Amino acid sequence: MNKKRKYAYAAMTSAALAIAVIIIINLIAVVVNSKLSLSLDFTKGGILEFDQTTKDVISQLDMDVRVISLVPKNDSNREMIQIDEILKKYDTMSDHISYERADAQKNPALLATYKVDGKPLEDSYNIIFETDRMNTVVSINDILIMYKDNVSENILAGALKAEHYFTSALLRVTKGSDINAYVATGHGERFSAEEFKSKILPAGGYVFHDYQIMSEAVPDNADVVIIADPKTDYSAEDIDKLAAFLSSGGSLQVFVAPTTPRLETLFGFLEEWGITVGDGFACEEDASNYTGYRYNILPQIDENDMTKAIHKDNTQLVFAYSRPVSAKNKNDITGYTIASTSDSAYIKANVSSLYDVFEAGDSKESTAVAVMATRPNYEGKMPKLFVSGSAAFLEIQANSTFYANLMASMTEQPYTIYIQPKNIVQERVAISQSTIYIYALVVIIIIPVIILAWGFIIWVKRRHL
């Protein structure tokens, strides 16, 4: 056999082996990828890098969860692709999770199968999490945080709350049940049930209801009642309803602000629980204890049994524009300080003051800005009463994890979580026209020429063998 035939056979054999190796590698990759996520995450926000909370939840699953995306398969928007990749990673991380795509456009009956607030789904942009015991629906609209682009003026997706909603859904369908939170109305309260549901504590396993306290008793299925910065005082009848609710084992949250009027009846009820609401608002002298304005307090978390159950992370809380509050032991009531100022704090007496610096009439003193009281009832339950001197506390995203843990502690639920949204904003890279020409020259001309030249040199060498 001459040398040319030997080289020809060798080349054919090498090509065949290379093709076979590539096929085998692809088959192995397909099998491995069914159980291991091989996706590389180059996104700025690290959308495929799961929080430790998610990893813990997934590792502790003890029942099968079916995850079904109803999002149309032909939707190739960047956000839909990212959501699909996130769900695939949930699937690969546990044998208890199975993920599939279902086409609700071809099978509209799917929309009637799953319900939100007792009503069938209106569109296919939803993700279903279900077990043999219950299901829950996550809307795509809930997990997208939109913003207006200053250049194009288009409304774009800037962040994803997917991991928070998806991991919360896993917990809800495996461990949870609906916890009913009733948001009091009728006295000019600052927040409604819808605001708690959509902004303050979304996807936490809670069902928020508006509660008209003047016309009805606290519903029997209530787990917690929330009073958020009322503007008029409660009546004795209203207080009786709250007292009966606490006596039965329920929990109550009260949020006030420096501008909240002196509500003698409501504050008198809090006094019965050993909690005092002061006047004015707290400020910090030391810049390390506030952010921006002196009344945006970065509080100290007191060390006690109650705060150990609530403060489970290292995030810095912000109590903005907070009224002084305090709690003490009284009879069978145990009072706890949850968050407080430093010793260098002072209380501004004039809530209408345009200045946050210390002035005549102000008092230098430290104070609590959040407290709690507990009182065992005759059934062995432990009703809890939480009071925050800052109603603005609820609007600050940095406080979300703390508030989620607070709700979990007060309703005795082990599964409330909060995971920060992931940034998915696409940043523009400015490239000059000359740079574009250089890139084009390299990619379109120089690299192909080098490859052709190299191939020609090899061909010439082999031709003379």
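Is I451 buried or exposed?

1. This note concerns a predicted model. I451 is exposed, because its relative accessible area is 57% and the cut-off for exposed is over 50%. The residue lies in helix α12, which spans residues 433-463.

2. I451 also belongs to a nonpolar patch on the surface.

3. For the protein chain as a whole, the accessible surface comes to about 24600 Å². Carbon and sulfur atoms account for 55% of that surface. Of the 465 residues in the chain, 45% count as buried.

4. The secondary structure of the protein chain consists of twelve helices and 24 strands. As for contacts between residues at least 6 apart in sequence, 72% of them join residues at least 24 apart.

5. One group of three strands forms an open sheet, ordered β14-β20-β21, with antiparallel pairing. Its edge strands are β14 (281-284) and β21 (363-364), each of which pairs on one side only. In general, strands of a sheet pair through backbone hydrogen bonds, either parallel or antiparallel.

6. Within this sheet, strand β20 (residues 345-348) is joined to β21 by two bridges, and the two strands run antiparallel. I347 has S363 as its bridge partner in β21.

Conventions: Residues are numbered from 1 along each chain as its sequence is written. This is a predicted model: local features need pLDDT of at least 70, side-chain atom pairs count only at pLDDT 80 or more; totals for chains, interfaces and linings use all residues. Side-chain values use heavy atoms; hydrogens and water are left out. Helices (H or I, at least four residues) and strands (E, at least two) are DSSP runs, numbered from the N terminus. Buried means under 20% relative accessible area, exposed over 50%, partly exposed in between (1.4 Å probe, protein chains only). Contact means heavy atoms within 4.5 Å. Accessible areas come from the Shrake-Rupley method with a 1.4 Å probe; for residues, only the protein chains shown count as cover. Patches are made of residues with over 30% relative accessible area and no salt bridge: like charges are joined within 9 Å, nonpolar side chains (Val, Leu, Ile, Met, Phe, Trp, Tyr) within 5 Å. A salt bridge is a side-chain nitrogen of Lys or Arg within 4 Å of a carboxyl oxygen of Asp or Glu. Two strands pair if DSSP finds at least two bridges between them.
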